[in-house]
Amino acid sequence: MTDALLTVSNLSKTFDGLKAVEDFSCTIAKSKIVGLIGPNGAGKTTVFNIITGFLAADAGEIHYAGKNITRLPPYRIAHNGIVRTFQDLRLIASLPVIENILLARQKQTGENWLATFALRKKVLKEEHENRQIALDILNQVGLANKHEHLAGALSYGQQKLLTLACCLAAEADLLLLDEPVSGVHPSMIEKMLALMAQLAASGKTILFIEHNLDVVMQVSDHVIVMDAGRKIMEGRPEAVKNDPEILEAYLE
């Protein structure tokens, strides 16, 4: 792929002698949707954890927008433009939906307690602007009428949309989505896929893990296949789907 936004080179990670990821490389192009598939234990989430700084690789490098981010902590990787969702969602269930969005906004002046006094007018203005941004994002994902509801009161599918909304609030260019449609109603799957396509069309780049292979083939521009910690194939969805080895192992 050309016009690379993310380049992962020769990543390896071992846990107690088990090679969770071995010599994994990939390139993610700008404004594309890339599916990462493979059986349970293939190393997909470990790759996500390394890219986003939640795990340190034993070997290999990661470059994002031309910058080496290999050993940056998660918050600095987020500041550089990469954010993610998790399988366990990690929302604050006891807070309203809009407050979850506001917490995802980065580099807020009010995060510095001194600024809340010394720059009070600026902080208040920024809070007002952030609230409007949050409402706009909730409207984009179809949750505007839920903005004052507690996050924990949403349906599971709506909570998935909220985690994506939190990613958008961070204004990142690369979104890593861990099983974005797993366990949700078919109507919500279609809504999520349409939203992912809209985001890619607007310039966002998406790398996502998903076990629903029909979904992967429907929405992806490119598919990467992992097994036992290694990349075993990548290509256009139709090429992956029609490969006899992949068909036997994953698609039947």
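Mentor: A term to start: buried means under 20% relative accessible area, exposed over 50%, partly exposed in between (1.4 Å probe, protein chains only). Helices (H or I, at least four residues) and strands (E, at least two) are DSSP runs, numbered from the N terminus. This is a predicted model: local features need pLDDT of at least 70, side-chain atom pairs count only at pLDDT 80 or more, and totals for chains, interfaces and linings use all residues. Residues are numbered from 1 along each chain as its sequence is written, and side-chain values use heavy atoms, without hydrogens and water.

Trainee: How many residues of strand 8 are buried?
Mentor: 5 of 5, across residues 205-209. Thr 205, Leu 207 and Ile 209 point one way. Ile 206 and Phe 208 point the other way.

Trainee: Which strands pair with strand 8 in the parallel sense?
Mentor: Strand 3 (residues 33-37) does, over 4 bridges. Strand 7 (residues 174-178) does too, over 5 bridges. Pairing takes at least two DSSP bridges between the strands.

Trainee: Which residue in strand 8 is the bridge partner of Asp 178?
Mentor: Ile 209.

Trainee: New topic. What lines the largest cavity?
Mentor: Residues including Phe 86, Lys 160, Asp 178 and Met 192. The lining divides into 6 nonpolar, 2 polar and 3 charged residues. Here Ala, Val, Leu, Ile, Met, Phe, Trp, Tyr, Cys and Pro count as nonpolar, Asp, Glu, Lys and Arg as charged, and the others, Gly among them, as polar.

Trainee: And what counts as a cavity?
Mentor: On a 1 Å grid over the protein atoms alone, a set of points where a 1.4 Å probe fits but cannot get out; lining residues have an atom within 4 Å of a point.

Key
On a 1 Å grid over the protein atoms alone, a cavity is a set of points where a 1.4 Å probe fits but cannot get out, and a pocket is an open set with protein on both sides within 12 Å along at least five of seven lines; lining residues have an atom within 4 Å of a point.
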